[in-house]
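Colleague: I am new to reading models like this one. Could you take me through some of the rings and a helix?

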Amino acid sequence: MDEANNISIDPACLQQPPLAIDVIKQLDVFGICLYAMLTFMSCVSLLLYLEQCIYIYKKLPYPKKTTIIWVNGAAPVIATMSCFGMWIPRAVMFTDMTSNCYFAVVVYKVLILLIEELGGSDAFLKRFSGKPFKITTGPCCCCCLCLPRVRMSRGMLCLLKLGALQYAILKTVLSVVSIILWTNGNFDLSDLEMTGTAIWINPFIGVLTITSLWPVAIVFMNTNYLLRTLNIIPKYAMYQLILVLSQLQTSIINILALDGTIACSPPFSSQARGSMLSQQMMIMEMFIITLVTRFFYRRTYDKLPLATHDIHEKDGFSLQATDIKNVA
C-alpha cells in the first residue's frame, strides 16, 4: 500500500497536449527524420491530388468530374489534416473534425458517383424503376435475411439520397457544436459520465454514420455487376478502407489511450500520445491509398451500354456459366 502511494506521476502526463515548439525541441535525430518523412508524404499526397484534379477537370464531363474530385480528395485531405495535427497537437480537435466532416460529404458523393456512372438519376430510374432491390446489406441489415426486396422508384431513390446526405449535414453541424462546447470546457472525450456532452454526441454521430452507409451499400450491391468494367469494386474498396482507417482505427487508438494502455511519454500525456500515433499512422496509410486511387481514377472509361444490351449481356453470361456447368 505504501509503495502504491509513493508512486509519482509525471506532471506532464496530466497536462494539455504540448505546444508545437515543445514538440520540435524534444525531437531527436530519429524523430526529425520521422517527422520529415511523414510531412513529405502528406505534401506529395496533396500535390498528386491537385494534379489529379486538373486531369479530371479537363478529361471528364460535368457533373461527374466534380463528384470524382470530391471522392478523390478523401485520402489527401485526411493526410494533410493529420500532418497539421502531428505538428500542432493542440489543434487535433480541429484537424480531426475537418477530416471527418469532409469524409461525411464523401459518403454522399460516393452514392452520387454510383448513380452518375449509370448515367444520372433519370437514366438510373429508366434502368431500375420497378425492379426489386436487395436491402439486406451492411452495416444495418446484413443479418436480416427475412427483409423483403424493395422496388426502385423515384421516391425510393430520393430516400436513399437523403439517407446519405443527412450525415454530411448533421455531422458538420454537430462538429461545429462540439468545437464550441470544447472551447468552453464542456466537451471532453475522456469525460464518460452521463453529465458530459461527449457521451451523448458521439453515439448519436455513430448512428448517423451507420444510417448513411446503408443507402450507399444498397445501391452498390445492386448495381456493381454493371459497373465492373469501370473498376467500381476496387474504387469502392478504397472508400471502405478509408472509412475503417479514419473512423474505426482512430476510435480504437483513442480508447486504448483513455484506458492507459498507451503509456504517457512526456511531454505527451496518454491521450495526446495516442492521438499523435494515430496521426502518424494515418499519414502513411492515406499516402498509400492516394497512390492506389490515382491508378483507378486517372483514366477514362467507355460509357456503359444501354439497359437492353445489359440484359442480353447478363443473360449471355448466365447461359455461358450454365454451359460450363453442364460440360463439367
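**Rings and a helix**

Modeller: At 11% relative accessibility, Tyr236 counts as buried, because buried means under 20% relative accessible area, exposed over 50% and partly exposed in between (1.4 Å probe, protein chains only). This is a predicted model, where local features need pLDDT of at least 70, side-chain atom pairs count only at pLDDT 80 or more, and totals for chains, interfaces and linings use all residues. Residues are numbered from 1 along each chain as its sequence is written, and side-chain values use heavy atoms, with hydrogens and water left out.

Colleague: Is Tyr239 buried or exposed, and what is its relative accessible area?

Modeller: Tyr239 falls under the same cut-off. Tyr239 is therefore buried, with a relative accessible area of 4%.

Colleague: Which kind of aromatic pair do Phe103 and Tyr239 form?

Modeller: Rings of Phe, Tyr and Trp (its six-membered ring) pair if their centres lie within 6.5 Å; planes under 30 degrees apart count as stacked, over 60 as edge-to-face and the rest as tilted. Phe103 and Tyr239 are 6.1 Å apart, centre to centre, with 20° between the planes. The pair is stacked.

Colleague: How many residues apart in sequence are the parts that this pair ties together?

Modeller: Helices (H or I, at least four residues) and strands (E, at least two) are DSSP runs, numbered from the N terminus. Phe103 lies in helix H6 and Tyr239 in helix H10 (residues 232–259). So the pair ties together parts whose separation in sequence is 136 residues.

Colleague: Where is the kink in H8 centred?

Modeller: The bend at a residue is the angle between axes fitted to the seven residues ending there and the seven starting there. In H8 the kink is about 25°.
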